[in-house]
Amino acid sequence: MTGNFDLAGNAHGLLMVHNEDTVDPGEGFDAHTHRNTEIITWVLEGTVVHKDSLGNLGEIRPGIVQRMSAGTGITHSERNGAGRLERQQLHVIQMWIPPDEINREPSYQESDLTADLDRNTLVPIASGMPRYSNDAAISIGNRYATLHVAVLDPGHSANIPDALYGHVFVARGQVDFEGQGLLQQGDAVRLTRSGGHRAAATSEGAELLVWEMHGTAINV
């Protein structure tokens with residue numbers, strides 16, 4: 001899956017991978033296999049075309065959250081949906097966490113939040129935690145983790161959940177992060193046993209991806 005790299009040993013809490021990728025038109029990732037990994041995809045610009053061995057075919061655009069649970073094994077490909085003659089780059093965030101139970105049946109889920117994503121508050125969009133079971137758009141196979149999104153207008157703020165581990169990524173804009181100062185697009189903060197921080201959008205506004213985690217990749 002990733003050669004000899006120790007994903008769990010290098011994780012922050014449960015977050016083993018947090019990739020920000022830019023993919024040119026007509027390019028992408030050919031068919032490859034994953035096992036026992038929960039993979040969550042969030043697109044910032046462009047369209048991901050997803051195909052997998054379960055027969056799923058998805059077009060993931062901004063506002064759609066996607067989850068692929070690899071379980072006993074799933075093969076998939078991902079490509080920029082724009083053709084080579086188009087100029088639309090794909091800007092995508094992909095995040096991996098471990099399942100809390102290995103060798104489940106592979107599964108796939110996506111949900112379009114375009115019309116339902118409230119602004120100026122933290123919204124759980126992918127979760128395995130019971131407390132968010134009625135709120136999150138999609139489920140993930142780990143009862144100790146939740147991914148939140150906050151779309152903040154200028155001057156508005158969000159409070160980061162108190163958790164054993166936290167990870168805050170600035171997907172767009174800028175925020176003034178309590179205790180850290182100004183964070184710009186592409187910056188991230190790792191938190192350990194230190195919730196309650198406040199992130200306030202500057203004059204540009206901001207979009208945040210926030211992981212709330214109550215376990216580690218080594219122990220699940």
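Leaving aside its neighbours within four places in sequence, which residues is Glu78 in contact with? They are Gly28, Phe29, His32, Thr41, Val48, Val49, His50 and Gln94, where contact means heavy atoms within 4.5 Å.

Hi everyone, a quick word on the ground rules. This is a predicted model, where local features need pLDDT of at least 70 and side-chain atom pairs count only at pLDDT 80 or more, while totals for chains, interfaces and linings use all residues. Residues are numbered from 1 along each chain as its sequence is written, and side-chain values use heavy atoms, with hydrogens and water left out.

Back to Glu78, then. You'll find Glu78 in strand 7, residues 74-80 (strands are DSSP runs of E, at least two residues, numbered from the N terminus). Its relative accessible area is 8%, so Glu78 is buried (under 20%, with a 1.4 Å probe and protein chains only).

Now for the record. An unreviewed UniProt entry lists His32, His34, His76 and Glu78 under "binding site"; such annotations may be inferred rather than shown by experiment. These residues span 47 residues in sequence, yet no two of their C-alpha atoms are more than 13.0 Å apart, so they gather at one spot.

Let's look at His34. This residue sits in strand 2, residues 28-34, and counts as buried because its relative accessibility is 3%. The His34 side chain also makes a polar contact with the side chain of His32, at 3.2 Å (a pair of N or O atoms within 3.5 Å, one able to donate a hydrogen and the other to accept it; residues adjacent in sequence count only if both atoms are side-chain atoms).

Methods:
Helix = DSSP H or I, 4+ residues; strand = E, 2+ residues; numbered from the N terminus. Buried < 20%, exposed > 50% of the residue type's maximum accessible area, 1.4 Å probe, protein only.
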